[in-house]
Amino acid sequence: MYEEVVTSGLCTGCAACVVACPHDVLGYDDKYKPFHLEEQGGPAGCVHGDKGCTLCTRACPRFRDWESDADTFLFGRKRAPTEVTGVWRKILLTRATDAEVLAKGQDGGTCSAVLIWCLDKGIIDGALVSFFDGDTLSWKAGSGVARSRQEVLESAGSRYTYSANTLAYKEAVEAGLEKLALVGMSCQASVPPIMATRGVRKVARRIVLSIGLLCSKTFDDRIFEDLLQSKYGLARTQISKMNIKGRLQLWTTDGGYLEVPLKECHEFTREGCKMCPDFSAEHGDLSLGGLGQTAGWTLTIVRTQRGEQIVDSMIAEGHLEARSGESDPATLSLLHRLAAKQRKRWPVTEAQPALVSEN
(Lines give C-alpha, C1' and ligand atoms only; values in the text may rest on other atoms or scores of the structure.)
Protein backbone atom coordinates (compact mmCIF):
# COMPACT_ATOMS: atom_id res chain seq x y z
CA MET A 1 0.00 0.00 0.00
CA TYR A 2 2.88 2.38 0.74
CA GLU A 3 4.14 2.24 -2.83
CA GLU A 4 0.84 1.80 -4.66
CA VAL A 5 -1.18 4.36 -2.73
CA VAL A 6 0.65 6.47 -0.14
CA THR A 7 3.61 7.61 -2.24
CA SER A 8 1.99 7.30 -5.68
CA GLY A 9 -0.29 10.29 -5.22
CA LEU A 10 -3.47 8.22 -4.88
CA CYS A 11 -3.74 8.56 -1.10
CA THR A 12 -6.59 10.88 -0.21
CA GLY A 13 -5.76 11.05 3.47
CA CYS A 14 -9.03 9.42 4.50
CA ALA A 15 -7.22 7.63 7.39
CA ALA A 16 -9.15 4.38 6.94
CA CYS A 17 -5.88 2.46 7.22
CA VAL A 18 -5.07 4.17 10.53
CA VAL A 19 -8.48 3.32 11.97
CA ALA A 20 -8.37 -0.29 10.75
CA CYS A 21 -4.86 -1.10 12.01
CA PRO A 22 -5.24 -3.50 14.97
CA HIS A 23 -1.61 -3.02 16.02
CA ASP A 24 -1.67 0.79 16.30
CA VAL A 25 1.47 1.19 14.19
CA LEU A 26 0.10 3.84 11.83
CA GLY A 27 0.06 7.54 12.60
CA TYR A 28 -1.41 10.50 10.73
CA ASP A 29 0.34 13.80 10.11
CA ASP A 30 -0.59 17.38 9.28
CA LYS A 31 0.05 16.65 5.60
CA TYR A 32 -2.99 14.35 5.68
CA LYS A 33 -0.86 11.24 5.23
CA PRO A 34 -0.58 7.99 7.19
CA PHE A 35 2.90 6.97 8.28
CA HIS A 36 4.55 3.97 9.93
CA LEU A 37 5.28 4.55 13.61
CA GLU A 38 7.70 1.65 14.14
CA GLU A 39 11.37 2.04 13.30
CA GLN A 40 11.68 -1.58 12.27
CA GLY A 41 10.91 -2.01 8.59
CA GLY A 42 11.14 1.68 7.75
CA PRO A 43 8.32 3.69 6.14
CA ALA A 44 7.25 0.88 3.81
CA GLY A 45 7.80 -2.09 6.09
CA CYS A 46 5.64 -3.65 8.79
CA VAL A 47 6.48 -6.68 10.86
CA HIS A 48 2.77 -7.39 11.26
CA GLY A 49 2.33 -7.28 7.50
CA ASP A 50 5.23 -9.68 7.15
CA LYS A 51 3.28 -12.05 9.38
CA GLY A 52 0.17 -11.81 7.24
CA CYS A 53 -1.80 -8.77 8.45
CA THR A 54 -3.46 -7.00 5.50
CA LEU A 55 -6.09 -4.88 7.22
CA CYS A 56 -4.63 -1.53 6.13
CA THR A 57 -4.79 -2.46 2.45
CA ARG A 58 -8.23 -3.99 2.82
CA ALA A 59 -9.53 -0.79 4.42
CA CYS A 60 -8.11 1.51 1.75
CA PRO A 61 -10.66 2.99 -0.67
CA ARG A 62 -7.97 3.60 -3.29
CA PHE A 63 -6.25 0.21 -3.25
CA ARG A 64 -6.52 -1.96 -6.36
CA ASP A 65 -10.04 -2.43 -7.79
CA TRP A 66 -11.73 -0.35 -5.10
CA GLU A 67 -14.52 1.15 -7.20
CA SER A 68 -15.89 -2.13 -8.52
CA ASP A 69 -15.61 -3.67 -5.05
CA ALA A 70 -17.66 -0.87 -3.49
CA ASP A 71 -20.21 -0.76 -6.33
CA THR A 72 -20.80 -4.50 -6.16
CA PHE A 73 -21.16 -4.49 -2.38
CA LEU A 74 -23.64 -1.59 -2.32
CA PHE A 75 -25.59 -2.15 -5.51
CA GLY A 76 -25.02 -5.78 -6.46
CA ARG A 77 -23.36 -4.84 -9.75
CA LYS A 78 -20.71 -2.74 -11.38
CA ARG A 79 -21.86 0.57 -12.78
CA ALA A 80 -22.61 1.11 -16.46
CA PRO A 81 -20.29 3.36 -18.48
CA THR A 82 -22.95 6.08 -18.57
CA GLU A 83 -23.24 6.18 -14.76
CA VAL A 84 -20.47 8.70 -14.24
CA THR A 85 -22.20 10.02 -11.11
CA GLY A 86 -22.46 6.52 -9.69
CA VAL A 87 -25.51 4.35 -9.08
CA TRP A 88 -28.53 6.09 -7.58
CA ARG A 89 -32.24 5.62 -6.90
CA LYS A 90 -33.38 9.23 -7.16
CA ILE A 91 -32.08 12.75 -7.08
CA LEU A 92 -33.86 15.44 -5.09
CA LEU A 93 -33.44 19.00 -3.98
CA THR A 94 -34.14 19.12 -0.25
CA ARG A 95 -33.98 21.49 2.67
CA ALA A 96 -34.63 21.31 6.38
CA THR A 97 -37.94 22.63 7.63
CA ASP A 98 -36.46 23.44 11.05
CA ALA A 99 -35.50 27.13 10.88
CA GLU A 100 -32.47 26.77 13.16
CA VAL A 101 -31.10 23.80 11.22
CA LEU A 102 -31.66 25.61 7.92
CA ALA A 103 -29.89 28.72 9.18
CA LYS A 104 -26.84 26.90 10.52
CA GLY A 105 -26.52 24.42 7.67
CA GLN A 106 -24.35 25.08 4.64
CA ASP A 107 -27.07 25.20 1.98
CA GLY A 108 -30.35 23.45 2.68
CA GLY A 109 -29.24 22.06 6.04
CA THR A 110 -30.11 18.53 4.92
CA CYS A 111 -27.06 16.83 6.38
CA SER A 112 -27.66 18.27 9.84
CA ALA A 113 -31.37 17.49 9.62
CA VAL A 114 -30.66 13.85 8.73
CA LEU A 115 -28.21 13.40 11.60
CA ILE A 116 -30.57 14.95 14.15
CA TRP A 117 -33.50 12.85 12.92
CA CYS A 118 -31.43 9.65 13.01
CA LEU A 119 -30.27 10.44 16.54
CA ASP A 120 -33.84 11.08 17.65
CA LYS A 121 -35.04 7.81 16.08
CA GLY A 122 -32.20 5.75 17.58
CA ILE A 123 -30.88 4.81 14.14
CA ILE A 124 -27.51 6.15 15.22
CA ASP A 125 -26.08 7.07 18.60
CA GLY A 126 -23.32 9.25 17.22
CA ALA A 127 -21.90 10.77 14.05
CA LEU A 128 -18.27 11.10 12.93
CA VAL A 129 -18.09 14.68 11.72
CA SER A 130 -15.76 17.67 11.59
CA PHE A 131 -15.66 20.50 14.08
CA PHE A 132 -13.58 23.62 14.22
CA ASP A 133 -10.30 22.55 15.78
CA GLY A 134 -9.98 25.11 18.55
CA ASP A 135 -11.45 28.57 18.12
CA THR A 136 -14.51 28.83 15.85
CA LEU A 137 -12.80 31.43 13.67
CA SER A 138 -9.57 29.46 13.25
CA TRP A 139 -11.03 27.64 10.22
CA LYS A 140 -9.01 24.58 11.13
CA ALA A 141 -11.07 21.44 10.73
CA GLY A 142 -10.74 18.53 13.13
CA SER A 143 -12.65 15.28 13.53
CA GLY A 144 -15.04 14.62 16.39
CA VAL A 145 -18.20 12.82 17.47
CA ALA A 146 -21.61 14.49 17.51
CA ARG A 147 -24.04 12.84 19.93
CA SER A 148 -26.78 15.46 20.25
CA ARG A 149 -28.69 18.05 18.28
CA GLN A 150 -26.49 20.79 19.71
CA GLU A 151 -23.28 19.02 18.72
CA VAL A 152 -24.61 18.38 15.22
CA LEU A 153 -25.37 22.08 14.82
CA GLU A 154 -21.92 22.98 16.15
CA SER A 155 -20.43 20.85 13.39
CA ALA A 156 -22.64 22.28 10.63
CA GLY A 157 -21.19 24.11 7.64
CA SER A 158 -18.32 23.53 5.23
CA ARG A 159 -14.67 24.22 5.99
CA TYR A 160 -12.98 23.61 2.59
CA THR A 161 -9.90 22.38 4.39
CA TYR A 162 -9.71 18.64 5.02
CA SER A 163 -10.75 16.67 8.06
CA ALA A 164 -10.34 12.88 8.22
CA ASN A 165 -13.55 12.29 10.14
CA THR A 166 -12.81 8.57 10.33
CA LEU A 167 -10.23 9.42 13.01
CA ALA A 168 -13.08 10.14 15.43
CA TYR A 169 -13.94 6.43 15.36
CA LYS A 170 -11.68 5.65 18.33
CA GLU A 171 -13.36 8.37 20.40
CA ALA A 172 -16.77 6.93 19.52
CA VAL A 173 -15.72 3.41 20.51
CA GLU A 174 -14.25 4.62 23.80
CA ALA A 175 -17.59 6.32 24.50
CA GLY A 176 -19.38 3.01 23.98
CA LEU A 177 -21.21 4.04 20.81
CA GLU A 178 -22.35 1.20 18.55
CA LYS A 179 -24.29 2.80 15.68
CA LEU A 180 -22.44 5.52 13.85
CA ALA A 181 -22.97 7.79 10.89
CA LEU A 182 -19.89 8.82 8.94
CA VAL A 183 -20.04 12.23 7.27
CA GLY A 184 -17.14 12.91 4.96
CA MET A 185 -15.81 13.87 1.57
CA SER A 186 -16.29 11.49 -1.33
CA CYS A 187 -13.13 9.53 -0.50
CA GLN A 188 -14.37 8.91 3.03
CA ALA A 189 -17.81 7.85 1.79
CA SER A 190 -16.14 4.88 0.08
CA VAL A 191 -14.56 3.67 3.33
CA PRO A 192 -17.55 1.82 4.89
CA PRO A 193 -18.44 -0.35 1.86
CA ILE A 194 -14.78 -1.10 1.14
CA MET A 195 -14.21 -2.16 4.75
CA ALA A 196 -17.38 -4.24 4.75
CA THR A 197 -16.72 -6.09 1.50
CA ARG A 198 -13.03 -6.71 2.25
CA GLY A 199 -13.55 -8.08 5.73
CA VAL A 200 -12.65 -5.16 8.01
CA ARG A 201 -15.85 -5.91 9.88
CA LYS A 202 -14.81 -4.79 13.36
CA VAL A 203 -14.93 -1.20 12.16
CA ALA A 204 -17.49 -1.51 9.36
CA ARG A 205 -20.21 -3.04 11.54
CA ARG A 206 -20.50 0.16 13.59
CA ILE A 207 -20.92 2.50 10.61
CA VAL A 208 -24.59 2.13 9.78
CA LEU A 209 -24.95 5.26 7.67
CA SER A 210 -22.56 6.94 5.26
CA ILE A 211 -23.21 10.51 4.13
CA GLY A 212 -20.90 11.65 1.35
CA LEU A 213 -20.28 15.29 0.52
CA LEU A 214 -19.90 16.31 -3.11
CA CYS A 215 -16.32 17.43 -3.50
CA SER A 216 -14.02 18.56 -6.29
CA LYS A 217 -11.16 19.45 -3.95
CA THR A 218 -10.19 20.75 -0.55
CA PHE A 219 -7.54 23.38 0.11
CA ASP A 220 -4.27 23.31 1.95
CA ASP A 221 -4.32 25.48 5.07
CA ARG A 222 -1.85 27.84 3.37
CA ILE A 223 -4.70 29.41 1.40
CA PHE A 224 -5.65 31.58 4.37
CA GLU A 225 -2.33 33.37 4.81
CA ASP A 226 -0.80 33.05 1.33
CA LEU A 227 -3.86 34.11 -0.65
CA LEU A 228 -6.73 35.51 1.41
CA GLN A 229 -4.55 37.44 3.86
CA SER A 230 -1.72 38.34 1.48
CA LYS A 231 -3.74 39.42 -1.55
CA TYR A 232 -7.11 40.42 -0.12
CA GLY A 233 -6.16 41.51 3.39
CA LEU A 234 -8.68 39.08 4.84
CA ALA A 235 -7.59 37.32 8.03
CA ARG A 236 -9.07 33.92 8.71
CA THR A 237 -10.55 35.25 11.96
CA GLN A 238 -12.63 37.69 9.91
CA ILE A 239 -14.37 34.92 7.92
CA SER A 240 -17.81 33.89 9.14
CA LYS A 241 -18.83 31.55 6.29
CA MET A 242 -17.39 30.02 3.12
CA ASN A 243 -19.00 28.49 0.04
CA ILE A 244 -18.09 27.57 -3.52
CA LYS A 245 -20.44 28.38 -6.38
CA GLY A 246 -18.12 28.63 -9.36
CA ARG A 247 -15.94 30.87 -7.20
CA LEU A 248 -14.86 30.99 -3.56
CA GLN A 249 -17.45 32.98 -1.64
CA LEU A 250 -16.52 34.53 1.69
CA TRP A 251 -18.76 36.24 4.21
CA THR A 252 -17.09 38.29 6.93
CA THR A 253 -17.85 38.87 10.59
CA ASP A 254 -18.58 42.55 9.93
CA GLY A 255 -21.26 41.76 7.33
CA GLY A 256 -18.99 42.05 4.30
CA TYR A 257 -18.74 39.74 1.31
CA LEU A 258 -15.86 38.79 -1.00
CA GLU A 259 -15.55 36.59 -4.08
CA VAL A 260 -12.26 34.99 -5.11
CA PRO A 261 -11.81 33.38 -8.57
CA LEU A 262 -11.22 29.65 -8.25
CA LYS A 263 -8.24 29.84 -10.60
CA GLU A 264 -6.43 31.78 -7.86
CA CYS A 265 -7.13 28.93 -5.45
CA HIS A 266 -5.84 26.08 -7.62
CA GLU A 267 -2.26 26.22 -6.37
CA PHE A 268 -3.54 25.57 -2.85
CA THR A 269 -5.30 22.34 -3.83
CA ARG A 270 -4.51 19.65 -1.29
CA GLU A 271 -2.21 16.94 -2.69
CA GLY A 272 -4.64 14.17 -1.79
CA CYS A 273 -7.30 15.65 -4.06
CA LYS A 274 -5.34 15.91 -7.29
CA MET A 275 -5.97 12.35 -8.48
CA CYS A 276 -9.33 11.75 -6.81
CA PRO A 277 -11.90 10.74 -9.46
CA ASP A 278 -15.00 10.94 -7.28
CA PHE A 279 -16.88 14.24 -7.34
CA SER A 280 -20.33 12.93 -6.45
CA ALA A 281 -19.51 10.81 -3.37
CA GLU A 282 -20.54 7.72 -5.28
CA HIS A 283 -20.57 5.31 -2.34
CA GLY A 284 -22.55 7.15 0.31
CA ASP A 285 -26.02 6.05 1.31
CA LEU A 286 -26.77 9.70 0.63
CA SER A 287 -24.61 12.12 -1.35
CA LEU A 288 -25.18 15.78 -0.51
CA GLY A 289 -23.96 19.08 -1.89
CA GLY A 290 -24.81 22.70 -2.56
CA LEU A 291 -24.86 22.32 -6.32
CA GLY A 292 -28.40 23.57 -6.87
CA GLN A 293 -28.84 26.70 -8.92
CA THR A 294 -31.46 27.86 -6.42
CA ALA A 295 -29.87 29.02 -3.17
CA GLY A 296 -30.87 27.33 0.07
CA TRP A 297 -31.41 23.80 -1.27
CA THR A 298 -29.26 20.68 -0.93
CA LEU A 299 -28.71 18.47 -3.95
CA THR A 300 -29.55 15.06 -2.51
CA ILE A 301 -28.53 11.89 -4.34
CA VAL A 302 -30.29 8.91 -2.78
CA ARG A 303 -28.22 5.81 -3.52
CA THR A 304 -29.20 2.96 -1.21
CA GLN A 305 -32.35 1.50 0.31
CA ARG A 306 -31.20 2.71 3.72
CA GLY A 307 -30.78 6.25 2.44
CA GLU A 308 -34.13 6.15 0.68
CA GLN A 309 -35.97 4.97 3.78
CA ILE A 310 -34.51 7.80 5.84
CA VAL A 311 -35.22 10.56 3.31
CA ASP A 312 -38.73 9.31 2.51
CA SER A 313 -39.61 9.09 6.22
CA MET A 314 -38.28 12.58 6.92
CA ILE A 315 -40.29 14.02 4.04
CA ALA A 316 -43.42 12.20 5.19
CA GLU A 317 -42.97 13.48 8.75
CA GLY A 318 -42.33 17.04 7.58
CA HIS A 319 -38.66 17.29 8.59
CA LEU A 320 -37.53 17.77 4.99
CA GLU A 321 -39.04 19.71 2.14
CA ALA A 322 -38.25 18.16 -1.24
CA ARG A 323 -38.70 18.55 -4.96
CA SER A 324 -37.46 16.51 -7.87
CA GLY A 325 -33.96 17.12 -9.14
CA GLU A 326 -35.50 17.33 -12.59
CA SER A 327 -37.06 20.63 -11.56
CA ASP A 328 -33.55 22.07 -11.88
CA PRO A 329 -32.12 20.59 -15.10
CA ALA A 330 -29.15 22.97 -15.04
CA THR A 331 -28.04 21.41 -11.76
CA LEU A 332 -28.28 17.87 -13.10
CA SER A 333 -26.31 18.88 -16.17
CA LEU A 334 -23.63 20.50 -14.00
CA LEU A 335 -23.48 17.42 -11.75
CA HIS A 336 -22.87 15.17 -14.72
CA ARG A 337 -20.23 17.46 -16.25
CA LEU A 338 -18.28 17.87 -13.02
CA ALA A 339 -18.40 14.15 -12.25
CA ALA A 340 -17.30 13.19 -15.78
CA LYS A 341 -14.46 15.71 -15.70
CA GLN A 342 -13.19 14.56 -12.31
CA ARG A 343 -13.13 10.88 -13.30
CA LYS A 344 -10.45 11.76 -15.82
CA ARG A 345 -8.05 12.54 -12.96
CA TRP A 346 -7.60 8.85 -12.21
CA PRO A 347 -4.27 7.49 -13.50
CA VAL A 348 -4.19 4.02 -15.03
CA THR A 349 -1.24 1.92 -13.86
CA GLU A 350 -0.39 -1.74 -13.80
CA ALA A 351 -1.51 -1.98 -10.18
CA GLN A 352 -4.51 0.34 -10.47
CA PRO A 353 -7.15 -0.66 -13.03
CA ALA A 354 -8.99 1.87 -15.17
CA LEU A 355 -12.32 3.17 -13.92
CA VAL A 356 -15.52 2.59 -15.82
CA SER A 357 -15.71 5.39 -18.38
CA GLU A 358 -18.40 6.63 -20.73
CA ASN A 359 -15.75 7.34 -23.35
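1. Aromatic pairs. This predicted model contains 4 aromatic pairs. One of them joins Tyr32 and Tyr162, whose ring centres are 5.8 Å apart and whose planes meet at 85°, so the arrangement is edge-to-face. The pair connects distant parts of the chain, its two members being 130 residues apart. Tyr32 belongs to the loop between strand E1 (26-28) and strand E2 (34-36), whereas Tyr162 belongs to the loop between H8 and H9. Tyr32 has a relative accessibility of 15% and therefore counts as buried. Tyr162 is buried as well, with a relative accessible area of 3%.

2. A tilted pair. Trp251 and Tyr257 form another of the aromatic pairs, with ring centres 5.2 Å apart. Their planes stand at 55°, so this pair is classed as tilted; the edge-to-face class requires an angle over 60 degrees. Trp251 is partly exposed, at a relative accessible area of 28%. Tyr257 also counts as partly exposed, at 39% relative accessibility.

3. Charges over rings. The charged end of Arg270 sits over the ring of Tyr32, at 5.2 Å from the ring centre. For Trp251, the residue concerned is Lys241, whose charged end sits over the ring at 5.7 Å from its centre.

4. Ile244 has Leu248 of E9 as its bridge partner. E9 in turn pairs with strand E10 (residues 257-261), again in the antiparallel sense and over 5 bridges. In this second pairing Gln249 stands opposite Glu259 of E10. The two hairpins each include a glycine with positive phi: Gly246, near 80°, in the hairpin of E8 and E9, which has 2 residues between the strands, and Gly255, near 90°, in the hairpin of E9 and E10, which has 4 residues between the strands.

5. Two residues deserve a check of backbone geometry. Ala15 is not a glycine, yet has a positive phi of about 70°. Ala15 occupies the loop between helix H1 (2-6) and H2, and is buried at a relative accessible area of 4%. Tyr160, likewise a residue other than glycine, has a positive phi near 70°. Tyr160 lies in the loop between helix H8 (149-155) and H9, the loop that also holds Tyr162. With 14% relative accessibility, Tyr160 counts as buried.

6. The largest nonpolar core. Which residues have the most contacts inside the largest nonpolar core? They are Leu128, Tyr162, Met195, Val200 and Val203, in a core of 33 residues. Tyr162 thus takes part both in this core and in the edge-to-face pair with Tyr32. At least two core residues come from each of helix H2 (16-20), helix H4 (55-59), helix H9 (169-174), strand E6 (180-185), helix H11 (191-197) and helix H12 (201-204). The greatest contribution is that of H2, with 5 residues. A separate core of 30 residues lies apart from this one and includes Leu92, Leu288, Val302 and Val311.

7. Surroundings of Leu128. What does Leu128 touch, once its neighbours within four places in sequence are left aside? Its contacts include Gly144 and Val145, and also Asn165, Thr166, Ala168, Tyr169 and Ala172. Leu180, Ala181, Leu182 and Val183 are likewise in contact with Leu128. Among these partners, Tyr169 and Ala172 fall within the residue range of H9, and Leu180 to Val183 fall within that of E6.

8. The chain as a whole. The secondary structure comprises 15 helices and 13 strands. The radius of gyration is 19 Å, close to the 21 Å given by the globule rule for 359 residues, so the chain is as compact as a globular protein of that length. Along the principal axes, the C-alpha trace spans about 55 × 50 × 50 Å. Of the 359 residues, 53% count as buried. Among contacts with a separation of 6 or more, 68% are between residues 24 or more positions apart.

Terms used
Residues are numbered from 1 along each chain as its sequence is written. This is a predicted model: local features need pLDDT of at least 70, side-chain atom pairs count only at pLDDT 80 or more; totals for chains, interfaces and linings use all residues. Side-chain values use heavy atoms; hydrogens and water are left out. A nonpolar core is a set of buried Ala, Val, Leu, Ile, Met, Phe, Trp, Tyr and Cys residues joined through side-chain atoms within 4.5 Å. Buried means under 20% relative accessible area, exposed over 50%, partly exposed in between (1.4 Å probe, protein chains only). Contact means heavy atoms within 4.5 Å. Rings of Phe, Tyr and Trp (its six-membered ring) pair if their centres lie within 6.5 Å; planes under 30 degrees apart count as stacked, over 60 as edge-to-face and the rest as tilted. A charge sits over a ring if NZ of Lys or CZ of Arg is within 6 Å of the ring centre and within 35 degrees of the ring normal. Two strands pair if DSSP finds at least two bridges between them. The radius of gyration is taken over C-alpha atoms; the globule rule is 2.2 Å times the number of residues to the power 0.38.
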